[in-house]
Amino acid sequence: MRACPEQAGTRPQNPPNQVFVRNEHFIQTKDALVWSPSFRTQLWLYSAASYRNTLTVRRKLMATAPVELRYDNPPREKNVILPDPRHLLALFLRRIVVFTCVFALVISAVLAALFMSRPIYSSTASILIEPRKADPIGSTPVVPGLPADTYVVDTQTRLIGSPEVALATVRELHLASNPEFRQTDRSDAKTTVATRAGQPVAMSLDEHAAMTTLLKHLRIQRSGLTYVIDVTATAQSSEMAAAIANSIARQYLLTQSTAKQSETELAGTFVSSHADELRRTALQDDANLQAYINSHNLMSAQGATVAEQQVSSLNEQIATARANYAQALARYEAARGQLSSGGSGGVGAVVQSETIRSMRVQEAQQSAQLAELQSRYGDLHPDVIRAKRNLADVRQQIAAETSRILASLRADVSAASSNLASLQNSLGGARSSLVANSSAQVGLADLQRKADASKTVYTNFLQRSKEVQALAKAPLPDASIAAVARPGEKPLWPNYPLALLFGGIVAVMLGLVGVAVAEYLDDSISTRQDVVSNLNVEYAGGLPDITKLPKAQAGGAPEDFVLDHPFSVYTEAVRNIGAFLKLNRPGASKVVTLASSLPREGKTTLAISLARVLAEGHARVLLIDGDLRRCSASQLLVPGARHGLISVLNGKVSLADALLKDPRSNLAVLPALVKEMSSGAFQAEAIGALMNELRKQFDVIIIDTAPVLAVADTRLLGWLSDATLMVCRWRKSSVKAAKVSVDVLNQSGARVVGTALTLVDTRKYASIGVGEAYGYHRSLSTYHS
């Protein structure tokens with residue numbers, strides 16, 4: 001950190017024990033204005049690189065007076081979650097060559113693999129799992145059908161791909177003799193394979209090798225959540241692939257049928273061996289039951305004994321007799337009640353009698369005739385008296401017929417009562433017989449249960465034996481072939497569109513990985529961010545490569561370009577660097593040193609271009625060639641020089657004799673000659689005195705120096721200069737070398753104000769960073785043209 005006096009200002013309105021920082025970018029290597037009460041003046045602190053340096057200043061000020069450091073506008077950290085896409089695009093474009101090479105290499109490898117690979121065909125057969133399938137003969141199978149469970153389908157999928165099914169397919173299609181399925185390595189070959197029945201099946205080594213290869217050529221998977229299982233086989237011919245898929249499906253169904261048949265036959269043998277014994281037991285139980293019935297007089301018909309049938313019949317007859325008695329009694333009581341109340345028209349038996357009905361008609365006719373005669377002749381007329389007598393006779397006949405009907409109802413009640421009493425007496429005798437047989441029914445029920453059980457078991461075994469015999473002849477599998485595999489027309493592999501698609505995706509991914517690796521391993525300086533973050537100095541600008549400029553702006557030697565093309569992009573870039581160095585301002589730095597880490601980084605070209613541009617602005621400009629070993633600037637501008645810088649320092653010639661004029665500009669040149677070089681040529685006193693004299697004669701002095709890491713002369717010249725500009729070649733200069741050079745110059749007391757990049761390719765988008773003006777070179781190209 002270096003401090004130089006500035007114009008004294010008035011005392012700020014702060015307590016005398018504070019140091020006031022006015023720049024909010026103080027932490028980001030910006031300049032800061034600090035006031036100290038001990039110095040009674042204002043100091044300009046250059047390159048306040050970190051908070052650590054700030055604490056150093058604070059400790060120095062605290063030694064003379066108590067101070068306190070605070071921020072006027074504390075810096076705010078920007079919370080960045082995602083990277084700027086422009087930076088990513090710039091990074092990608094910088095490494096486009098790496099990406100293209102990796103992409104082309106991967107695509108070439110994919111194409112080579114496609115053309116060299118053999119065609120592979122695939123074919124698929126579908127198997128439908130049918131859980132709980134009904135038997136065509138209507139019998140219950142010995143081996144129950146598969147339950148309607150999704151896990152059963154997964155289990156059957158594993159069984160389809162079992163070694164048993166694969167071995168059967170190998171033998172059916174004779175794959176052991178097929179070169180495609182024959183293996184040379186048989187170190188793990190076996191000679192047996194277990195089946196579902198648990199019986200091992202012998203096989204040869206060739207069959208085992210073919211079976212192992214076949215299982216690798218199979219892909220068996222469930223079709224979604226359905227009961228369909230797809231069997232996909234691959235082979236070098238479409239016919240063989242279809243044959244394998246169909247054979248696997250057939251052998252699976254055959255294996256399942258064989259397993260079912262074996263288990264059914266086993267069950268049939270068991271059932272037949274026990275059927276005879278069960279028949280004898282059933283016959284013995286029936287004989288015991290019949291003997292007990294005969295000995296206890298428990299014969300029955302229609303499921304009941306004789307006593308039970310008698311009691312039941314009597315109960316029914318008594319119920320009927322009681323109903324008849326109640327009905328006759330009700331009719332009689334009703335008729336008698338109607339008669340006692342003085343009327344017989346409501347008696348049911350009377351109303352239903354045809355005789356009574358005809359008499360009622362006669363009574364009505366006589367009543368009508370009587371009424372007519374009374375109205376015509378009066379009560380004393382003989383016809384009226386005769387009509388009254390006829391009406392009384394009819395009514396007397398009706399009363400006699402009603403009495404006869406009532407007597408008949410009373411006789412019906414007596415008969416019904418006698419019938420009910422007789423039936424009740426018969427029921428008492430039948431119940432006595434039923435009670436006598438109740439104790440015998442207990443033993444009968446026990447014998448009946450035993451006989452029924454024996455008969456049922458025997459019947460079931462007999463029926464099951466016949467069903468098993470029928471099922472053993474035609475076992476049905478729990479699956480069927482839903483779709484037969486067909487030979488395919490197009491091979492599964494090579495699939496050019498799919499391979500190129502995945503190859504392109506992999507190529508892009510590997511290309512991006514290559515870009516990331518190249519960027520990680522790249523130690524060169526390419527962007528403004530590299531300069532600011534790695535070198536910890538300001539970015540002065542970029543100098544374009546004139547060979548990459550448009551034809552209208554290209555051509556000529558680099559050192560003459562600013563004179564031949566004064567309005568080109570290159571010349572404007574040189575002017576921008578001069579503006580950064582503030583060389584055109586009154587009271588600004590007069591002596592500027594251009595330094596580089598290594599040779600051939602464009603430092604001499606920039607020094608000549610900058611000096612010529614400033615000289616064209618009517619300023620007194622001097623270019624000093626400080627590279628005593630190469631003398632590049634002298635050879636380009638004044639190749640015929642006889643005296644140089646060393647002669648002036650040694651006092652052999654005067655300064656006026658050594659100074660030469662640039663033939664193409666108003667630039668003054670103090671050359672360097674290789675022949676004058678000697679050890680200890682640069683002495684601080686002599687070069688310091690020369691600089692003081694040159695400051696009086698020239699407005700701007702530019703020094704072209706040797707590489708910093710090569711010689712120590714540049715450190716001395718930088719210390720004597722007002723400003724030092726680091727020059728780095730775009731994408732060539734090492735970050736580590738440039739950082740070491742900046743540290744060396746700072747340690748020697750030089751003031752490194754910034755870094756400029758040379759030979760920048762402006763035709764590439766964002767060639768030196770998104771924040772650089774050259775990122776918009778396409779939009780500005782027409783302006784400069």
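**Close-up views of a predicted model**

**View 1. An open sheet of four strands has the order β9-β10-β6-β13, with antiparallel pairing.** Strands β9 (218-222) and β13 (479-483) stand at the edges with a single partner strand each, so one side of each is left without a neighbour in the sheet. From one strand to the next, the twist averages 25°. Strands (E, at least two residues) and helices (H or I, at least four) are DSSP runs numbered from the N terminus, and two strands pair if DSSP finds at least two bridges between them. This is a predicted model, in which local features need pLDDT of at least 70, side-chain atom pairs count only at pLDDT 80 or more, and totals for chains, interfaces and linings use all residues. Residues are numbered from 1 along each chain as its sequence is written, and side-chain values use heavy atoms, leaving out hydrogens and water.

**View 2. Strands β6 and β10 run antiparallel.** Eight bridges join β6 (residues 121-129) to β10 (residues 228-235). I127 stands opposite I229 in β10. Helix α7 (residues 238-295) packs on the sheet and touches β6, β9, β10 and β13, where contact means heavy atoms within 4.5 Å. The direction of α7 makes about 20° with that of β6; axes are lines fitted to C-alpha atoms, for helices over the stretch in contact, and angles run from 0 to 180 degrees between N-to-C directions.

**View 3. L278 is found in helix α7.** At 21% relative accessibility, L278 counts as partly exposed (buried is under 20% relative accessible area, exposed over 50%, partly exposed in between, with a 1.4 Å probe and protein chains only). Not counting residues up to four places away in sequence, L278 touches V457, Y458 and F461.
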